[in-house]
Amino acid sequence: MSMTPPPGWYRDPSYPLVERWWDGTAWTDHRRGPEAPQVPPAPPRPVGGGSGRAKAVALVTAGVVLVTSIVTGAFVLGREGGGGTAATRTTPPAAPAPARTTGSPAGPSSGDPSVVVDELNGITLPLLDGWVRAQDVAEDDVMMTTPGTYDCPGDPGLCRHGRVISRTVTANDERSPQALAEHDIADAASSAYDRDLLDNRPFHGVTSHRQLRASPVAVAGSVGYLVRWQVKTGVGPGGYVESLAFPSGVGSRALVIVRFVFDAGADGPPLTDMDRITERIRPAGTR
């Protein structure tokens with residue numbers, strides 16, 4: 001029975017000398033050099049011809065290596081050959097062992113309690129007072145939220161006063177942080193305050209918006225760009241959304257979008273938290 005491998009770093013089927021990130025359903029654009037396997041050193045080679053049993057083991061090992069090489073070559077040639085229609089998604093070999101994973105690569109990690117780690121994008125985000133690591137959140141890639149939930153003012157459901165989401169952008173070839181942030185902000189507002197994943201309208205939609213800020217910004221050692229809107233909703237106090245785009249700190253440095261969603265009103269987080277979080281985003285492994 002074939003099983004889909006879990007997310008992790010695997011040998012790139014199109015270029016086996018590097019490792020590539022498999023997100024559980026498809027290959028992403030993230031690549032890295034392979035890590036050295038943690039194996040004990042080989043025993044000293046015996047002097048002379050060695051025992052018959054040692055020679056047999058050596059022959060069996062060589063046979064396994066040869067079969068593995070043939071299978072790998074067939075896999076790569078089959079993918080790059082001219083016959084048939086090119087597949088739009090490549091599946092890694094069944095049940096390979098990942099090189100290394102630490103927690104959820106695209107989500108919160110339980111290391112330093114003062115930060116949340118986005119391992120896939122190679123960044124950390126500060127966990128400010130009034131924020132907690134994301135738990136039991138249906139939306140993908142949510143890094144942190146305000147504590148607790150409340151009854152949404154529109155369609156039935158549970159809402160949160162604040163969310164911070166981090167995503168890698170691989171669906172297009174956009175390389176400009178400014179263009180990406182400007183194009184993303186409308187979708188960020190719609191996702192936050194128009195319709196949820198169940199097609200409910202927890203705030204009865206966005207009725208209007210006002211741009212508060214659009215400017216370059218230094219983030220994680222790179223130059224990014226942010227666009228911030230204030231939105232009015234059919235019910236409730238409305239809120240603030242921001243799209244922050246900047247290059248990833250790892251691999252091919254694909255662009256990353258960090259979305260901020262803050263409810264307006266007395267119960268929402270302070271708007272200054274957007275700037276405080278942005279200023280303290282760091283490449284993973286640095287302080």
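Q: In this predicted model, which residues are linked with Glu139 in a network of salt bridges?
A: The model is a predicted one. Side chains of opposite charge can pair when their charged atoms come close. Here such pairs join up into a network of salt bridges, and its members besides Glu139 are Asp141, Arg163 and Arg167.

Q: How far apart are the closest N and O atoms in the salt bridge of glutamate 139 with arginine 163?
A: Glutamate 139 sits in the loop between strand 6 (132–133) and strand 7 (142–145). Its side chain also has a polar contact with the side chain of arginine 163. In the salt bridge of this pair, the closest N and O atoms are separated by 3.2 Å.

Q: How many residues apart are glutamate 139 and arginine 163?
A: These two residues form a salt bridge. The pair links distant parts of the chain, with glutamate 139 in the loop between strand 6 and strand 7 and arginine 163 in strand 10 (residues 162–168). The separation is 24 residues.

Q: Is arginine 163 buried or exposed?
A: A residue counts as buried under 20% relative accessible area. Arginine 163 has 12% relative accessibility, so arginine 163 is buried.

Q: Leaving aside neighbours within four places in sequence, which residues are in contact with glutamate 139?
A: One of them is arginine 167, whose side chain makes a polar contact of 3.3 Å with the side chain of glutamate 139. With neighbours within four places in sequence left aside, the contacts of glutamate 139 are Arg163, Ile165, Arg167 and Leu197.

Q: In the salt bridge of arginine 201 with aspartate 194, which residue counts as buried?
A: The closest N and O atoms of this pair are 2.9 Å apart. Arginine 201 has 29% relative accessibility and therefore counts as partly exposed. At 19% relative accessibility, the residue that counts as buried is aspartate 194.

Q: How many residues apart in sequence are the parts tied together by aspartate 275 and arginine 213?
A: The side chains of aspartate 275 and arginine 213 form a salt bridge, with an N to O distance of 3.1 Å. Aspartate 275 belongs to helix 3 (residues 272–279) and arginine 213 to strand 11 (residues 206–219), so the parts they tie together are separated in sequence by 62 residues.

Q: What is the relative accessible area of arginine 213?
A: Its salt-bridge partner is aspartate 275. Aspartate 275 counts as partly exposed, at 25% relative accessibility. Arginine 213 is partly exposed, and its relative accessible area is 29%.

Q: How many salt bridges does a search of the whole structure find?
A: The pairs found include glutamate 139 with arginine 163 and arginine 201 with aspartate 194. Over the whole structure, the number of salt bridges is 11.

Q: Is the disulfide of cysteine 152 and cysteine 159 right-handed or left-handed?
A: The two sulfur atoms are 2.0 Å apart. Cysteine 152 is buried at 12% relative accessibility, and cysteine 159 is buried at 6%. The torsion about the S-S bond is about 110°, so the disulfide is right-handed.

Q: Which residue in strand 15 stands opposite isoleucine 123?
A: An open sheet of 3 strands has the order 4-5-15, with antiparallel pairing. Its edge strands are strand 4 (115–118) and strand 15 (282–283). Strand 5 (residues 123–126) pairs with strand 15 over 2 bridges. Opposite isoleucine 123 stands proline 283.

Conventions. Residues numbered from 1 in each chain as written. Predicted model: local features only at pLDDT ≥ 70, side-chain atom pairs only at ≥ 80, totals over all residues. Heavy atoms only, no water. Disulfide = S-S within 2.5 Å. Buried < 20%, exposed > 50% of the residue type's maximum accessible area, 1.4 Å probe, protein only. Helix = DSSP H or I, 4+ residues; strand = E, 2+ residues; numbered from the N terminus. Polar contact = N/O pair within 3.5 Å; in protein donor to acceptor, adjacent residues only side chain to side chain. Contact = heavy atoms within 4.5 Å. Salt bridge = Lys/Arg side-chain N within 4 Å of Asp/Glu carboxyl O. Pairing = 2+ DSSP bridges.
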